[in-house]
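Thanks for coming. I will go through side-chain contacts today, starting once the model is on the screen.

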Amino acid sequence: MAQHIKYDAFEAYLKKQGNHIDRLYCVMGEELLLRNETVDFIRQHCRQLGFSERVSLVLEANGPWQKIQENLHNTSLFAEQKILEITLPTGKPGRVGGQALIEMVEAIQKGFTNDTTIILNLPKLDKKTQESKWYKAINQVAITINIPQITRQQLPNWMRQRFALQQQQIDDDALHYLADKVEGNLFAAHQEILKLGLIHEKGNINLQSIEASVRDVARFDVFQLTDAMLKGDAKRSIRILQCLQDEGEALPLILTMITREIRTLYALAFHQREGKNLTLLMNQLRIFSSRQSLFLSALQRLSLVKLIGLIQHANDIDRLFKGYPVEGRLKDAWQETKRLIIKVAQDGIL
């Protein structure tokens with residue numbers, strides 16, 4: 001029976017199933033490390049129950065999609081049971097691929113795949129893709145394991161659990177130092193934890209040990225920057241901006257996103273002054289409910305007059321980047337962007 005299972009409940013689900021193997025597992029989510037680990041966990045479970053042959057297909061929109069049916073209908077001379085792993089890196093199979101997946105589901109429903117267990121590995125899908133015919137067909141028969149995104153707030157606890165598997169404990173200050181260094185890069189976090197497990201004995205790991213061995217491998221995007229800025233965390237905002245600059249991110253893209261958020265705040269502040277319903281307006285502006293509190297928090301710090309000044313500041317930075325000097329501004333557009341971010345976050349750094 002098809003169902004959705006949370007990542008942290010899946011191991012218990014498999015144990016409860018005993019010797020039963022489902023025909024189709026769909027592993028879906030943003031964190032590639034956790035997806036791959038879950039696929040490996042299913043693979044090991046299948047092998048324990050006699051699935052000795054494994055075929056792996058990585059398919060883009062251009063195929064070759066016929067390989068699915070070929071593997072479902074071809075029986076090995078040496079193995080009675082087979083694991084068929086299908087990875088869709090983009091989650092976009094296209095028209096031909098979508099039809100191939102629908103036909104795969106039909107084969108499962110007709111009992112043509114009793115010798116094969118299929119593991120479908122997908123990234124997090126957008127709403128439009130989840131409404132597609134192929135995904136709805138998958139949803140009818142698959143055991144879907146929903147892989148969560150590990151947020152910055154969740155990262156320390158996740159790492160603490162990983163250290164515990166190595167019979168190691170880590171001081172709080174060392175844990176948060178490490179989290180800052182690997183944020184946004186779960187593969188790097190995993191590798192650093194394994195490395196520390198090799199170079200340190202079981203027991204406690206302190207900050208000095210972490211500082212001596214950990215490289216700064218954090219990865220950020222502009223959305224994390226704007227969220228930190230709206231939240232009022234200037235220190236984090238500046239760090240993310242510096243990382244984006246070091247990684248070669250284009251300043252016009254960053255400035256466009258910052259300006260968009262400031263203009264949205266201006267619209268909200270204007271309607272707030274008029275006594276209108278902000279929640280209704282935020283829904284009209286397509287601000288996700290998970291981000292609405294960030295805008296409300298920023299509105300408590302920034303008046304309508306200040307927001308007008310911030311819009312002008314952003315326009316000045318755009319002129320700087322294009323090579324036009326602006327009186328009262330620094331010559332370096334990146335440094336001036338830093339000043340703009342601090343003004344929006346405004347938590348006392350400057």
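Is K124 buried, partly exposed or exposed? K124 is exposed, with a relative accessible area of 56%. For that term, buried means under 20% relative accessible area, exposed means over 50%, and partly exposed is in between, with a 1.4 Å probe and protein chains only.

Before I go on, the ground rules. This is a predicted model, where local features need pLDDT of at least 70, side-chain atom pairs count only at pLDDT 80 or more, and totals for chains, interfaces and linings use all residues. Residues are numbered from 1 along each chain as its sequence is written, and side-chain values use heavy atoms, with hydrogens and water left out.

Now, salt bridges. I use the term for a side-chain nitrogen of Lys or Arg within 4 Å of a carboxyl oxygen of Asp or Glu. The count is 20 salt bridges.

One of them joins the side chains of K124 and E30, at 3.6 Å from N to O. K124 sits in the loop between β5 (116-122) and α5 (127-130), and E30 in the loop between β2 (24-29) and α2 (32-48), so this pair ties together parts that are 94 residues apart in sequence. Those element names come from DSSP runs, numbered from the N terminus: helices are H or I with at least four residues, strands are E with at least two. E30 is partly exposed, at a relative accessible area of 38%.

Next, E261 and R291. Their side chains form a salt bridge at 2.8 Å, N to O. This pair also links distant parts of the chain, with E261 in helix α13 (residues 251-273) and R291 in helix α15 (residues 289-301), 30 residues apart. Both E261 and R291 are buried.

What is the N to O distance in the salt bridge between R329 and E336? For that pair it is 4.0 Å. R329 is partly exposed at 22% relative accessibility, whereas E336 is buried at 0%.

There is also a network of salt bridges, which links D40, R43, R54 and E85.

On to the rings. Rings of Phe, Tyr and Trp (its six-membered ring) pair if their centres lie within 6.5 Å; planes under 30 degrees apart are stacked, over 60 edge-to-face, and the rest tilted. By that rule there are 4 aromatic pairs.

Why is the pair of F10 and Y13 called stacked? The ring centres are 6.0 Å apart and the planes are at 20°, so F10 and Y13 count as stacked. Both residues lie in helix α1 (residues 10-17), 3 residues apart, which is about one turn of the helix. F10 is buried, with a relative accessible area of 3%, and Y13 is buried as well, at 12%.

F10 also pairs with F41, this time edge-to-face, with 6.3 Å centre to centre and 70° between the planes. Here distant parts of the chain are linked: F10 is in helix α1 and F41 in helix α2, 31 residues apart. F41 is partly exposed, at 30% relative accessibility. Ring pairs link F10, Y13, Y25 and F41 into a cluster.

Last, cysteines. With a disulfide taken as a pair of cysteine sulfur atoms within 2.5 Å, the structure holds 0 disulfides. C26 is in none, and its nearest cysteine sulfur, that of C46, is 15 Å away. C26 is buried at 0% relative accessibility. C46 is in no disulfide either, and C46 is also buried, with a relative accessible area of 0%.

That is my part.
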